[in-house]
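Subject: Structure for you to look through

Hello,

Here is the structure I said I would pass on. Please open it beside this message and follow along; my notes come after it.

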Amino acid sequence: MDGNAARGLSCLVTGATGYIGGRLVPELLAEGHRVRCLARSPGTLRDHPWAGSAEVVRGDVGDAGSVRAAMRGIDVAYYLVHAMGTGRGFEERDRRAARIFGEQARAAGVRRIVFLGALTPAGVPEERLSPHLRSRAEVARLLLASGVPTTVLRAAVIIGSGSASFEMLRYLTERLPVMVTPSWVHTRIQPIAVRDVLRTLVGSAHMPPEVNRAFDIGGPDVLTYREMMRRYAAIAGLPPRAIIPVPVLTPRLSSYWVGLVTPVPWAIARPLVESLRYEVVCREDDITTWVPSPPGAPLDFSTAVSLALERIREAQVATRWSSASVPGAPSDPLPTDPDWAGGSLYTDRRELPVEASREALWRVIESIGGENGWYSFPLAWAVRGWLDRLAGGVGLRRGRRVPDRLRVGDSLDFWRVEEIEPGRLLRLRAEMRLPGVAWLEMSAESDGSNRSRYRQRALFHPRGLLGHAYWWSVSPFHAVVFGGMARNVARAAAKGGPTGKRPPTGPS
Ligand SMILES: NC(=O)c1ccc[n+]([C@@H]2O[C@H](COP(=O)([O-])OP(=O)(O)OC[C@H]3O[C@@H](n4cnc5c(N)ncnc54)[C@H](OP(=O)(O)O)[C@@H]3O)[C@@H](O)[C@H]2O)c1
């Protein structure tokens, strides 16, 4: 390690609002480096757990002036942007941006460029690749020829919540118990876990100046897309998927299909699907000479998928939607991930002003359930409880430990207290029989003297097609059940506290 390594480097990260960049910044900071992010919309980085520890400058990689300013004083410049999904002319935009980046890095005396590009198939000439892969290969060539020592890391599918290619795999597998698939499900791919990608990106900063080349990076498994779907289903607890390959499905047709079935936008699904035609397997493992793998690395496919699903399975859902200040693992969702990333999550949201203090509102929230009822259409909750008992679940009759106090881990009818911030927030996790995971969250906020605001969210993470069908079948009743509940909680607080023995009669 040279002197610079010991005192930390100045790193420029482009693409910090994207999947890889947003997860690389905290890793670089943890290594003791200084980080400057170049972003087109710096405001979107505000909610990151690392905001405040990194410098953020406004800029566009297509604008030489902003790149020049951002390169000042930089040792290592990370190129983590692409124009995929921006429609016609994306190759020209990528080409121009790569030229500007290389020229400005050279002019500023940057010591290394690190680019994460795409693994391309062996023996296929560049002109026969899909436009997306061809463009990635061209960007790599331009940066390697820039005169600045450059590391190009070439990866296939990256496994982690928020990665476009992983989200496509997730939604296809979760939403379709029977799949008619194109023949690309048989091509072999070498996926890699996001934490191994990040580890390699960080380690590349210290390569000596004579290294100017591309490296293939991948995990230990080489799998067909079909096998990836099969393993994903097993890890996610889904019944085995029936996969029926049909040779006549063209990449274009199958990308329409992916666009229809999954929330991944068509403009992103299309280039990804087109690239799946090619076998992408590492041809060398030279990177380990410069960035040795620690014990247990690289992660295998199944472990990487388990990590990507952990947040939702372990019910730590809140960090994604509210308390973004909790730092997460690279496999976790981040606030800047696109809306369609992170798996399906249905939400019923209610918010009401309350003519009572926050303390009075909190008393109602904390004493919910058991003898006090659920402040909603009582018959609906009773029926839900009976149905749960019939399905072998716990039903409504567990009640609560004490009438007016709750603590984490308490059972509360067919819920369990997952999180409680006294006076402010109560989150319950459902323990009823459901094709998915459900939460009910209630919070109280002060809104001036003797006034407050009540917020309520019902969240449902469906498991498989049945989970989606369940949510849609019960959603017509949500206005009555959840809307009524919100109004009655607010009313009870205004009247001075919990309802006592009996739940109020239906919503009005
Ligand atoms: N995800 C994968 O599975 C995967 C697999 C293999 C390789 N890779 C490679 O990894 C790299 C990063 O990919 P990713 O998945 O992190 O992409 P991503 O999530 O789509 O993020 C792309 C980033 O590029 C930024 N960007 C685009 N045009 C820009 C411009 N003109 N000026 C400044 N910023 C611009 C975007 O910023 P805005 O927010 O302003 O749009 C965004 O932050 C790419 O080179 C990709 O080919 C990814």
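Which residues are the closest to the ligand, and how many surround it? The ligand is surrounded by 27 residues, and the closest are Thr17, Gly18, Tyr19, Ile20 and Val81. A residue is near a molecule here if its C-beta atom, placed from the backbone, lies within 6 Å of it. Helix 2 (19-30), strand 5 and helix 6 (164-175) are the elements that give two or more residues to this shell. By type, the shell has 13 nonpolar, eleven polar and three charged residues. Ala, Val, Leu, Ile, Met, Phe, Trp, Tyr, Cys and Pro count as nonpolar, Asp, Glu, Lys and Arg as charged, and the others, Gly among them, as polar.

Two notes on the source. This is a predicted model, in which local features need pLDDT of at least 70 and side-chain atom pairs count only at pLDDT 80 or more, while totals for chains, interfaces and linings use all residues. Residues are numbered from 1 along each chain as its sequence is written.

The chain as a whole

The protein chain has 17 helices and 19 strands. These are DSSP runs numbered from the N terminus: helices are H or I with at least four residues, strands are E with at least two. Of its 508 residues, 47% count as buried. A residue is buried if 20 or more other C-beta atoms lie within 10 Å of its own, exposed if 12 or fewer, and partly exposed in between, with C-beta atoms placed from the backbone. Among contacts between residues at least 6 apart in sequence, 74% join residues at least 24 apart. A contact means that the C-beta atoms of two residues, placed from the backbone, lie within 7 Å.

Two strands pair if DSSP finds at least two bridges between them.

A second open sheet has six strands in the order 14-19-18-17-16-15, and its pairing is antiparallel. Strand 14 (346-354) and strand 15 (411-412) are its edges; each has a single partner strand, so one side of each is left without a neighbour in the sheet. Helix 14 (residues 358-366) packs on this sheet and touches strand 14, strand 17, strand 18 and strand 19. Its direction makes about 155° with that of strand 18.

How much of strand 18 is buried? Eight of the eleven residues of strand 18 (residues 436-446) are, so the strand is largely enclosed by the rest of the structure. Strand 17 (residues 425-430) pairs with strand 18 over five bridges, with Arg427 opposite Glu441. Eleven bridges join strand 18 to strand 19 (residues 452-462), and Ser446 stands opposite Ser452 there. In the hairpin of strand 18 and strand 19, Gly448 takes a positive phi near 95°.

Helix 6 reaches 16 Å from its first C-alpha to its last, close to the 16 Å expected at 1.5 Å a residue. The expected span is 1.5 Å times one less than the number of residues. Eleven of its twelve residues are buried, so helix 6 is largely enclosed by the rest of the structure. Glu167 is one of those buried residues.

Is Trp340 buried or partly exposed? Trp340 counts as partly exposed because it has 17 C-beta neighbours inside 10 Å. Trp340 lies in the loop between helix 13 (318-321) and strand 14. Leaving out residues up to four places away in sequence, Trp340 touches Glu167, Pro263 and Val264. Trp340 and Val264 are 76 residues apart in sequence, yet 6.1 Å apart in space, C-alpha to C-alpha.

Regards

Conventions: Axes are lines fitted to C-alpha atoms, for helices over the stretch in contact, and angles run from 0 to 180 degrees between N-to-C directions.
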